[in-house]
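Subject: Structure handover

Hello,

Here is the structure for you to look at. Please open it alongside this message.

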Amino acid sequence: MSFRQLIGLVEGEASAAEVVAAYHERTKHHFHRYAAALGYMDWATQPDPFRRYAGADLVRLPLPKAGRPLPYWQLYANASVPPMPLSLESVSLFFRYALSLTAWKQSGDTTWPLRVNPSSGNLHPTEGYAILPALDQIGDAAAVYHYAPKEHALERRAVLDAKRWNELADSFSEGSFPDGSFFVGLSSVHWREAWKYGERAFRYCQHDVGHALASLRIAAAALGWRLVLLDSVSDGTLSSLLGLDRDEDFAAAEREEADLLALISPELPAPLPAESKPLTAHGGGVLWQGRANTLSPEHSVEWPVIDAVAQATRRCESSPIKEDFSGFPSEDELFGTPIRQGLLTAERAILGRRSAVAMDGSTAISRTAFFRMLARLIPTQERRAMPWDAIPWRPRIHIGLFVHRVDGLAPGIYALARDPDKVDILKRVMHSDFCWHRVPDCPPGLPLYLLQEGDCRALATTVSCGQNIAGDGAFSLAMIADYKDSLATYGSGFYRNLFWEAGMVGQLLYLEAEESGIRSTGIGCYFDDPVHAAFGIEAREWQSFYHFTVGGPVDDGRLTTLPPYNFEEQQ
Ligand SMILES: Cc1cc2nc3c(=O)[nH]c(=O)nc-3n(C[C@H](O)[C@H](O)[C@H](O)COP(=O)(O)O)c2cc1C
């Protein structure tokens, strides 16, 4: 069956752009019809949340001692954290802060793990990789590693000879691959999400990649490192670099789709360096080991539209995106006074992050906290605002807010234009009777506007698939993407990047909520077109890509929390 038949297009071979547009339309949730999914939980085929490569050497990472005093605010003050040297300890701390387990939950006889990075349905489709140089106590040659979160360990997938490592490092112009630099990669097992969520699952996998990318960036910041997405690498090269194209290592096991590669370095300049020569797929000089485990005994259902959209969004090698941020606000303009104090350590915020399962419907937040959370979502003029320094494009995700309880702010619908130049176009595409009043006392660089006063708790709940968390928080929001123009500008592959950007926004909201003593939750289930209607968006050019809620959490007292690792058992 061709793509065009799969996604309901009529005559002719479908272009990548048509496949993406058709996928997006057909995976919308409507009031009267949800996107196609199995409709029940097929427990017999539930996928294993942990990929392992049998036969690959396992390098255990020592569990870092808890209690690092680095304050949370310092994550955002680039250059204020002295870079840690690359070592067994720093690699361990990096993965602990980026992708590790943070708790096991128990209800009756059932236990399940939770991680630093969130995931739709806690299904965790995202797999993490590192390509590291030779390092004492990790490996005496450069190698490709898969991160095994349950063991907090690295599986050595491939050993690279010195020539191959030098080729990778030499892709960067002189001086921009300093000692201590390495690569990280992310991939997705689409089946893990599709098992439960059917056709919409590709969207959720991409959100999760965005959360994980922010998580990697934040972990790097905690160690004084920079991280930059290598956006010009083709998906074919990436598959080769991470070993995902090796049919012989997967056999019947579920494949992983290559998503992204990033460079981590103790001292990257801003703006960040481009590759001087393109990174190349592995040729010789690489010795592979390990076979992927099978995650489900069988797949009772296939979702071919996911394969179709995955294929349509694969990237060829391209030139890196370079954009001008000179019109963006400075840190002072965004925050008023830059934040140099706070409640939590970075570690408490990162490892303590949790989704609220319910909101209390009563907690209000201060205007100061609200403005600070929103200011974190905007890149600065100097391109130094973490995590926005990791991605090269100007924001394509803007925020439509449902404000319920923010002290001193009228409840109602608000908008935050994450790119100040997009205010005028947002005014044009949204309801013509929105008032677009600047919010009083808001820092001058924060493009935040009141659109319409009123109680929008019921509206927020309704459009978020009837989930009370959206109406019972202090505020909830829709992430509205400059969708068609983004795809026209950067190509169909950028469909993924829009979800990544939305996921990064979400990851910051999670941490900012922790720092404010409250909680938040990602909301992937929302009724797409009713959200557009709420903001008066008629044009297909602008589409809602993700929802979020922030407020006072209600804990589920029936659950017991257990520690993430029992390291005595492991030694
Ligand atoms: C992309 C995405 C979509 C999500 N959608 C919903 C949702 O619609 N409703 C909800 O209650 N939680 C949602 N969540 C929260 C997840 O259920 C939660 O992240 C997961 O159970 C793991 O828990 P943790 O975040 O505390 O680690 C979503 C999370 C992500 C990352």
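Below are the findings, starting with the ligand site.

First, some ground rules. This is a predicted model, in which local features need pLDDT of at least 70 and side-chain atom pairs count only at pLDDT 80 or more, while totals for chains, interfaces and linings use all residues. Residues are numbered from 1 along each chain as its sequence is written, and side-chain values use heavy atoms, with hydrogens and water left out.

**Ligand site**

The ligand is surrounded by 22 residues. The closest are Arg353, Arg354, Ser355, Gln467 and Gly522. By class, the shell holds 11 polar, seven nonpolar and four charged residues. Ala, Val, Leu, Ile, Met, Phe, Trp, Tyr, Cys and Pro count as nonpolar; Asp, Glu, Lys and Arg count as charged; the others, Gly among them, count as polar.

Three elements each supply at least two shell residues: strand E4 (110-115), helix H6 (201-222) and strand E18 (519-523). Helices (H or I, at least four residues) and strands (E, at least two) are DSSP runs, numbered from the N terminus.

A polar backbone atom of Gly524 is 2.8 Å from a nitrogen atom of the ligand. Ser119 has a polar backbone atom 3.4 Å from a ligand oxygen atom. For Cys525, a backbone N or O atom lies 3.3 Å from an oxygen atom of the ligand. Taken alone, the ligand exposes 620 Å², and the protein buries 85% of that. These areas come from the Shrake-Rupley method with a 1.4 Å probe; for residues, only the protein chains shown count as cover.

Cys525 sits in the loop between E18 and helix H18 (528-534). Contact means heavy atoms within 4.5 Å. Leaving aside neighbours within four places in sequence, Cys525 is in contact with His29, Tyr34, Arg200, Tyr204, Ser464, Cys465 and Gln467. Arg60 is 465 residues from Cys525 in sequence, and their C-alpha atoms are 37 Å apart.

Ser120 lies in the loop between E4 and strand E5 (126-132). Is Ser120 buried or exposed? Ser120 counts as buried because its relative accessibility is 18%. Buried means under 20% relative accessible area, exposed over 50%, and partly exposed in between (1.4 Å probe, protein chains only). Not counting residues up to four places away in sequence, Ser120 touches Glu193, Tyr197, Tyr204 and Asp208.

Most residues other than glycine have a negative phi, and most peptide bonds are trans. Some spots here are worth a look. Met386 and Pro387 are joined by a cis peptide bond, with omega about 0 degrees. Pro387 is in the loop between helix H12 (367-375) and strand E13 (397-403).

His152 has a positive phi, near 45 degrees. His152 is in the loop between strand E6 (143-148) and strand E7 (153-160), and counts as buried at 0% relative accessibility. Trp436 also has a positive phi, near 50 degrees. Trp436 falls in the loop between helix H13 (423-429) and strand E15 (437-438). At 10% relative accessibility, Trp436 is buried.

**Cores and covered helices**

A nonpolar core is a set of buried Ala, Val, Leu, Ile, Met, Phe, Trp, Tyr and Cys residues joined through side-chain atoms within 4.5 Å. The largest has 134 residues; Leu75, Phe94, Phe370, Leu401 and Leu448 touch the most other members. Helix H17 (residues 494-515) gives this core its largest share, 13 residues. A second, separate core has 31 residues, including Tyr129, Leu238, Phe250 and Leu261.

H12 is mostly covered, with seven of its nine residues buried. Among them are Phe370, Phe371 and Arg372. Helix H7 (residues 235-242) has seven of its eight residues buried, so it is largely enclosed by the rest of the structure. Gly243 follows H7 and has a positive phi, near 80 degrees.

Best regards

Methods:
Near = heavy atom within 4 Å. Polar contact = N/O pair within 3.5 Å; in protein donor to acceptor, adjacent residues only side chain to side chain.
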